[in-house]
Amino acid sequence: MKIIGLETIVFGVDDISECSTFLIDYGLIPVDVTDKGGRFEALDGTAVVLAHASDESLPPSIGNGCMMRKTVMGVADQKTLDEITSELSKDREVTQLADGSIESTDDTGFTIGFQVTKRRVVNVGGEISNVPGSPYQRPVNDLGVDKDAEQIRPRTLSHIVYFVPDVAKAEAFYVERLGFRCTDRFDGVGPFLQPGGTLDHHTHFLIGAPPFMTGVEHFTFHFSGPTEVMQNGSRFVEKGYQSFWGPGRHIFGSNWFWYFNSPFACHIEMDADMDLHDKNWDARNAPPGADNSQVFLMKNREKWAPGPDTGKNGDYE
(Lines give C-alpha, C1' and ligand atoms only; values in the text may rest on other atoms or scores of the structure.)
Protein backbone atom coordinates (compact mmCIF):
# COMPACT_ATOMS: atom_id res chain seq x y z
CA MET A 1 0.00 0.00 0.00
CA LYS A 2 1.34 3.41 -0.98
CA ILE A 3 0.88 5.16 2.36
CA ILE A 4 3.15 8.21 2.24
CA GLY A 5 3.06 9.15 5.91
CA LEU A 6 1.39 11.45 8.37
CA GLU A 7 -0.74 14.23 6.88
CA THR A 8 -2.28 15.75 10.00
CA ILE A 9 -2.39 15.15 13.75
CA VAL A 10 -5.57 16.29 15.48
CA PHE A 11 -5.58 17.40 19.12
CA GLY A 12 -8.43 18.23 21.46
CA VAL A 13 -7.16 20.82 23.95
CA ASP A 14 -8.53 23.02 26.72
CA ASP A 15 -6.53 26.16 25.96
CA ILE A 16 -6.68 27.00 22.24
CA SER A 17 -4.78 30.26 22.71
CA GLU A 18 -1.82 28.72 24.53
CA CYS A 19 -1.52 25.83 22.09
CA SER A 20 -1.85 28.13 19.08
CA THR A 21 0.94 30.40 20.31
CA PHE A 22 3.14 27.38 20.98
CA LEU A 23 2.72 26.01 17.44
CA ILE A 24 3.29 29.41 15.83
CA ASP A 25 6.45 29.92 17.89
CA TYR A 26 7.57 26.43 16.82
CA GLY A 27 7.34 27.64 13.23
CA LEU A 28 4.03 26.35 11.89
CA ILE A 29 1.83 28.61 9.77
CA PRO A 30 -1.68 29.33 11.13
CA VAL A 31 -4.50 28.73 8.63
CA ASP A 32 -8.11 29.75 9.40
CA VAL A 33 -7.39 29.80 13.12
CA THR A 34 -10.07 31.11 15.49
CA ASP A 35 -10.76 30.79 19.20
CA LYS A 36 -12.26 27.38 18.35
CA GLY A 37 -9.05 26.04 16.75
CA GLY A 38 -7.72 25.63 13.23
CA ARG A 39 -4.79 24.34 11.18
CA PHE A 40 -1.08 24.95 11.71
CA GLU A 41 0.83 23.98 8.59
CA ALA A 42 4.37 23.12 7.57
CA LEU A 43 5.63 24.33 4.19
CA ASP A 44 4.14 21.32 2.39
CA GLY A 45 0.70 21.65 4.01
CA THR A 46 1.02 18.79 6.49
CA ALA A 47 -0.31 20.06 9.77
CA VAL A 48 -1.39 19.97 13.37
CA VAL A 49 -5.12 20.60 13.76
CA LEU A 50 -6.49 22.02 17.01
CA ALA A 51 -10.02 21.89 18.37
CA HIS A 52 -11.42 22.41 21.83
CA ALA A 53 -11.53 19.23 23.89
CA SER A 54 -15.30 19.62 24.21
CA ASP A 55 -15.84 19.75 20.43
CA GLU A 56 -18.32 16.96 19.71
CA SER A 57 -17.04 16.54 16.15
CA LEU A 58 -13.76 15.13 17.49
CA PRO A 59 -13.23 11.39 17.85
CA PRO A 60 -13.32 10.30 21.50
CA SER A 61 -10.19 10.51 23.63
CA ILE A 62 -8.28 7.29 24.21
CA GLY A 63 -8.01 8.37 27.85
CA ASN A 64 -5.00 8.64 30.15
CA GLY A 65 -4.89 12.38 29.58
CA CYS A 66 -3.90 11.89 25.92
CA MET A 67 -4.92 14.95 23.90
CA MET A 68 -4.26 13.43 20.49
CA ARG A 69 -7.62 12.48 18.97
CA LYS A 70 -6.68 11.35 15.48
CA THR A 71 -3.86 10.91 13.00
CA VAL A 72 -4.53 11.22 9.28
CA MET A 73 -2.16 9.50 6.87
CA GLY A 74 -1.73 10.60 3.28
CA VAL A 75 -1.83 8.00 0.51
CA ALA A 76 -0.60 8.21 -3.06
CA ASP A 77 -3.87 7.66 -4.90
CA GLN A 78 -7.52 6.62 -4.73
CA LYS A 79 -6.57 2.99 -5.45
CA THR A 80 -4.60 2.87 -2.21
CA LEU A 81 -7.47 4.48 -0.31
CA ASP A 82 -9.85 1.85 -1.69
CA GLU A 83 -7.43 -0.94 -0.74
CA ILE A 84 -7.26 0.32 2.84
CA THR A 85 -11.05 0.62 3.02
CA SER A 86 -11.45 -2.96 1.81
CA GLU A 87 -8.81 -4.33 4.18
CA LEU A 88 -10.00 -2.61 7.34
CA SER A 89 -13.67 -3.26 6.60
CA LYS A 90 -13.01 -6.98 7.13
CA ASP A 91 -13.16 -6.62 10.91
CA ARG A 92 -13.95 -3.02 11.92
CA GLU A 93 -16.05 -0.04 10.98
CA VAL A 94 -14.66 2.26 8.31
CA THR A 95 -16.43 5.60 7.87
CA GLN A 96 -16.20 7.64 4.68
CA LEU A 97 -16.20 11.34 5.52
CA ALA A 98 -17.58 14.23 3.48
CA ASP A 99 -14.12 15.30 2.30
CA GLY A 100 -13.48 11.88 0.74
CA SER A 101 -11.19 10.63 3.51
CA ILE A 102 -11.88 7.54 5.60
CA GLU A 103 -11.75 7.02 9.35
CA SER A 104 -11.30 3.92 11.48
CA THR A 105 -9.28 2.69 14.49
CA ASP A 106 -6.09 0.69 14.89
CA ASP A 107 -5.74 -2.30 17.23
CA THR A 108 -4.64 -0.12 20.14
CA GLY A 109 -7.73 2.05 19.87
CA PHE A 110 -6.19 5.14 18.26
CA THR A 111 -8.43 6.82 15.70
CA ILE A 112 -6.74 6.81 12.31
CA GLY A 113 -7.73 8.44 9.04
CA PHE A 114 -6.54 8.20 5.45
CA GLN A 115 -6.82 10.61 2.54
CA VAL A 116 -5.33 11.03 -0.91
CA THR A 117 -2.40 13.26 -0.07
CA LYS A 118 -2.77 17.02 -0.40
CA ARG A 119 0.90 17.74 0.25
CA ARG A 120 2.36 20.62 -1.69
CA VAL A 121 5.72 20.33 -3.41
CA VAL A 122 8.34 22.36 -1.53
CA ASN A 123 10.82 23.90 -3.99
CA VAL A 124 13.15 25.36 -1.38
CA GLY A 125 16.74 24.16 -1.18
CA GLY A 126 17.85 22.37 1.96
CA GLU A 127 20.97 22.83 4.05
CA ILE A 128 24.22 21.89 2.34
CA SER A 129 27.79 21.85 3.64
CA ASN A 130 31.22 22.47 2.22
CA VAL A 131 33.69 19.72 3.13
CA PRO A 132 37.45 19.82 2.54
CA GLY A 133 38.37 17.26 -0.11
CA SER A 134 34.90 17.36 -1.69
CA PRO A 135 33.66 19.57 -4.55
CA TYR A 136 32.01 22.78 -3.37
CA GLN A 137 28.39 22.25 -2.41
CA ARG A 138 27.47 25.71 -1.15
CA PRO A 139 28.60 28.34 -3.67
CA VAL A 140 31.44 30.74 -2.94
CA ASN A 141 30.23 33.84 -1.04
CA ASP A 142 26.92 32.11 -0.23
CA LEU A 143 26.61 32.36 3.55
CA GLY A 144 25.77 29.27 5.55
CA VAL A 145 23.85 30.99 8.34
CA ASP A 146 21.88 34.17 8.90
CA LYS A 147 21.47 35.20 12.52
CA ASP A 148 18.67 37.58 11.52
CA ALA A 149 16.76 35.00 9.47
CA GLU A 150 12.99 35.28 9.59
CA GLN A 151 10.87 32.63 11.28
CA ILE A 152 12.25 29.18 10.44
CA ARG A 153 9.56 26.91 9.00
CA PRO A 154 9.38 23.13 9.28
CA ARG A 155 9.20 21.36 5.93
CA THR A 156 6.86 18.43 6.59
CA LEU A 157 5.30 16.28 9.30
CA SER A 158 7.84 13.61 10.15
CA HIS A 159 6.73 10.98 12.67
CA ILE A 160 4.79 10.12 15.79
CA VAL A 161 5.70 7.87 18.72
CA TYR A 162 3.03 5.86 20.54
CA PHE A 163 3.04 4.26 23.97
CA VAL A 164 1.17 0.97 23.44
CA PRO A 165 0.30 -1.80 25.93
CA ASP A 166 0.80 -4.63 23.41
CA VAL A 167 3.67 -3.93 21.03
CA ALA A 168 3.32 -7.19 19.08
CA LYS A 169 -0.37 -6.57 18.44
CA ALA A 170 0.16 -2.94 17.48
CA GLU A 171 3.05 -3.79 15.16
CA ALA A 172 1.11 -6.60 13.49
CA PHE A 173 -1.72 -4.23 12.64
CA TYR A 174 0.52 -1.73 10.86
CA VAL A 175 2.67 -4.37 9.16
CA GLU A 176 0.10 -7.00 8.21
CA ARG A 177 -2.91 -4.79 7.56
CA LEU A 178 -1.36 -1.56 6.22
CA GLY A 179 1.91 -2.70 4.62
CA PHE A 180 4.38 -1.02 6.96
CA ARG A 181 7.75 -2.64 7.64
CA CYS A 182 10.20 -2.55 10.53
CA THR A 183 13.40 -0.67 9.70
CA ASP A 184 15.06 -0.99 13.13
CA ARG A 185 14.08 -2.24 16.58
CA PHE A 186 14.98 -1.67 20.21
CA ASP A 187 14.74 -5.10 21.82
CA GLY A 188 12.03 -5.28 24.44
CA VAL A 189 10.83 -1.77 23.55
CA GLY A 190 9.43 -1.69 20.03
CA PRO A 191 9.92 -1.14 16.29
CA PHE A 192 10.49 1.81 14.01
CA LEU A 193 7.93 1.48 11.21
CA GLN A 194 8.06 2.71 7.61
CA PRO A 195 4.97 2.74 5.35
CA GLY A 196 5.19 1.57 1.75
CA GLY A 197 5.00 5.01 0.11
CA THR A 198 8.07 6.68 1.61
CA LEU A 199 11.80 6.04 2.06
CA ASP A 200 11.93 7.83 5.43
CA HIS A 201 13.42 5.62 8.13
CA HIS A 202 10.15 5.78 10.06
CA THR A 203 6.86 7.60 10.40
CA HIS A 204 5.82 5.62 13.49
CA PHE A 205 7.72 4.28 16.49
CA LEU A 206 6.02 2.01 19.02
CA ILE A 207 7.10 1.86 22.67
CA GLY A 208 5.72 -0.82 24.97
CA ALA A 209 4.24 0.68 28.12
CA PRO A 210 1.63 -0.13 30.80
CA PRO A 211 -2.02 0.42 29.73
CA PHE A 212 -2.36 3.54 31.88
CA MET A 213 0.34 5.20 29.71
CA THR A 214 -1.30 4.45 26.34
CA GLY A 215 -0.93 7.62 24.28
CA VAL A 216 1.65 9.76 22.52
CA GLU A 217 5.28 10.20 23.60
CA HIS A 218 6.16 12.77 20.94
CA PHE A 219 5.60 13.97 17.41
CA THR A 220 7.85 16.01 15.13
CA PHE A 221 8.34 17.84 11.86
CA HIS A 222 11.37 17.72 9.54
CA PHE A 223 13.47 20.88 9.25
CA SER A 224 15.98 21.78 6.52
CA GLY A 225 19.06 20.61 8.41
CA PRO A 226 20.93 20.70 11.71
CA THR A 227 21.47 24.47 11.55
CA GLU A 228 17.72 25.07 11.44
CA VAL A 229 17.17 22.66 14.33
CA MET A 230 19.85 24.42 16.39
CA GLN A 231 18.81 27.96 15.48
CA ASN A 232 15.06 27.41 15.77
CA GLY A 233 15.52 25.40 18.96
CA SER A 234 17.65 28.15 20.51
CA ARG A 235 15.02 30.73 19.67
CA PHE A 236 12.36 28.46 21.14
CA VAL A 237 14.27 28.30 24.42
CA GLU A 238 14.73 32.07 24.40
CA LYS A 239 10.95 32.42 24.17
CA GLY A 240 10.64 30.50 27.42
CA TYR A 241 9.89 26.97 26.25
CA GLN A 242 11.55 24.14 28.14
CA SER A 243 14.12 21.91 26.46
CA PHE A 244 13.59 18.25 27.35
CA TRP A 245 16.27 16.31 25.42
CA GLY A 246 18.90 17.53 23.02
CA PRO A 247 20.18 18.80 20.80
CA GLY A 248 21.84 15.64 19.56
CA ARG A 249 21.81 13.01 16.83
CA HIS A 250 20.06 9.67 16.94
CA ILE A 251 21.61 6.38 15.79
CA PHE A 252 18.49 4.63 14.46
CA GLY A 253 17.36 7.01 11.71
CA SER A 254 20.46 9.22 12.14
CA ASN A 255 18.21 12.27 12.48
CA TRP A 256 19.32 15.35 14.37
CA PHE A 257 16.90 16.01 17.21
CA TRP A 258 15.82 18.46 19.87
CA TYR A 259 12.84 17.67 22.10
CA PHE A 260 10.74 20.14 24.07
CA ASN A 261 7.92 19.97 26.58
CA SER A 262 4.60 20.94 25.03
CA PRO A 263 1.04 21.78 26.11
CA PHE A 264 -0.22 18.63 24.35
CA ALA A 265 0.53 16.17 27.18
CA CYS A 266 3.47 14.87 25.13
CA HIS A 267 6.80 16.08 23.82
CA ILE A 268 7.42 17.79 20.50
CA GLU A 269 10.64 17.39 18.54
CA MET A 270 12.47 19.32 15.85
CA ASP A 271 14.36 16.94 13.56
CA ALA A 272 16.44 16.95 10.38
CA ASP A 273 18.39 14.71 8.01
CA MET A 274 16.70 11.35 8.57
CA ASP A 275 18.07 8.25 6.85
CA LEU A 276 16.28 6.92 3.78
CA HIS A 277 15.87 3.17 3.28
CA ASP A 278 14.50 0.96 0.52
CA LYS A 279 13.65 -2.74 0.59
CA ASN A 280 17.33 -3.69 0.40
CA TRP A 281 17.78 -2.43 3.98
CA ASP A 282 17.96 -5.04 6.74
CA ALA A 283 16.52 -3.95 10.06
CA ARG A 284 18.92 -3.71 13.00
CA ASN A 285 18.24 -4.80 16.56
CA ALA A 286 19.80 -3.20 19.60
CA PRO A 287 19.16 -3.17 23.34
CA PRO A 288 17.61 0.05 24.62
CA GLY A 289 19.70 2.61 26.45
CA ALA A 290 21.53 5.90 26.09
CA ASP A 291 24.48 4.47 24.15
CA ASN A 292 22.18 3.13 21.43
CA SER A 293 19.78 6.07 21.41
CA GLN A 294 22.13 8.87 20.36
CA VAL A 295 25.63 9.06 18.98
CA PHE A 296 26.13 12.31 20.88
CA LEU A 297 24.13 14.68 23.05
CA MET A 298 24.74 18.36 23.65
CA LYS A 299 23.58 20.65 26.40
CA ASN A 300 22.04 23.99 25.62
CA ARG A 301 23.42 27.04 27.43
CA GLU A 302 23.01 30.79 27.10
CA LYS A 303 24.93 32.53 24.34
CA TRP A 304 28.54 33.22 25.25
CA ALA A 305 31.67 34.73 23.70
CA PRO A 306 35.36 34.38 24.62
CA GLY A 307 37.20 37.40 25.96
CA PRO A 308 40.22 38.40 28.04
CA ASP A 309 38.31 38.08 31.31
CA THR A 310 36.34 34.95 30.45
CA GLY A 311 38.73 32.44 31.95
CA LYS A 312 38.64 34.18 35.33
CA ASN A 313 35.11 32.88 35.75
CA GLY A 314 36.06 29.33 34.94
CA ASP A 315 34.34 29.32 31.56
CA TYR A 316 37.37 27.70 29.90
CA GLU A 317 37.38 24.78 32.31
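Which side chains meet in a salt bridge at 3.0 Å, N to O, if we start from aspartate 91? Arginine 92 is the partner. Hello everyone, and thanks for coming. Before I go on, please keep in mind that this is a predicted model.

Let me stay with that pair for a moment. Aspartate 91 is partly exposed, at 48% relative accessible area. Arginine 92, on the other hand, counts as buried, because its relative accessibility is 16% and the cut-off for buried is under 20%.

Glutamate 87 makes a salt bridge with lysine 90, and the closest N and O atoms are 3.0 Å apart.

Now for a salt bridge between lysine 303 and glutamate 238, with N to O at 3.8 Å. This one ties together distant parts of the chain, 65 residues apart: lysine 303 belongs to the segment after strand E18 (294-297), and glutamate 238 to helix H4, residues 226-238. Are these two partners buried or exposed? Lysine 303 is exposed at 76% relative accessibility, and glutamate 238 is exposed as well, with 53%.

What about the residues we began with? Glu87, Lys90, Asp91 and Arg92 join Asp107 and Arg177 in one network, through salt bridges that share partners. Over the model, the count of salt bridges comes to 17.

H4 has 13 residues and reaches 18 Å from its first C-alpha to its last, close to the 18 Å expected at 1.5 Å a residue. Its buried residues are Glu228, Val229, Gln231, Asn232, Gly233 and Phe236. What do they pack against? Their neighbours are helix H1 (16-26), along with E15 and E16. Just after H4 comes glycine 240, with a positive phi of about 105 degrees.

That brings us to strand E15, residues 256-261. Five of its six residues are buried, so please picture a strand that is mostly covered. On one hand, E15 pairs with strand E14 (residues 243-250), antiparallel, through four bridges. There you can find glycine 248 opposite phenylalanine 257. The E14 and E15 hairpin has five residues between the strands, and glycine 253 takes a positive phi near 100 degrees. On the other hand, E15 pairs with strand E16 (residues 267-272), also in the antiparallel sense, over six bridges. Phenylalanine 260 stands opposite isoleucine 268 there. E15 and E16 form a hairpin too, with five residues between them, and in that turn alanine 265 has a positive phi of about 60 degrees.

Strand E1 (residues 3-13) runs parallel to E4, and six bridges join them. One place to look is valine 10, opposite valine 49. Strand E3 (residues 37-41) pairs with E4 in the antiparallel sense over five bridges, and glycine 37 stands opposite alanine 51. Those two strands form a hairpin with five residues between them, and glycine 45 in the turn has a positive phi of about 95 degrees.

Further along the sheet, strand E5 (residues 68-75) runs parallel to strand E8 (residues 111-116), joined by five bridges. Methionine 73 has phenylalanine 114 in E8 as its bridge partner.

Conventions: Residues numbered from 1 in each chain as written. Predicted model: local features only at pLDDT ≥ 70, side-chain atom pairs only at ≥ 80, totals over all residues. Heavy atoms only, no water. Salt bridge = Lys/Arg side-chain N within 4 Å of Asp/Glu carboxyl O. Buried < 20%, exposed > 50% of the residue type's maximum accessible area, 1.4 Å probe, protein only. Pairing = 2+ DSSP bridges. Expected span 1.5 Å × (residues − 1). Contact = heavy atoms within 4.5 Å.
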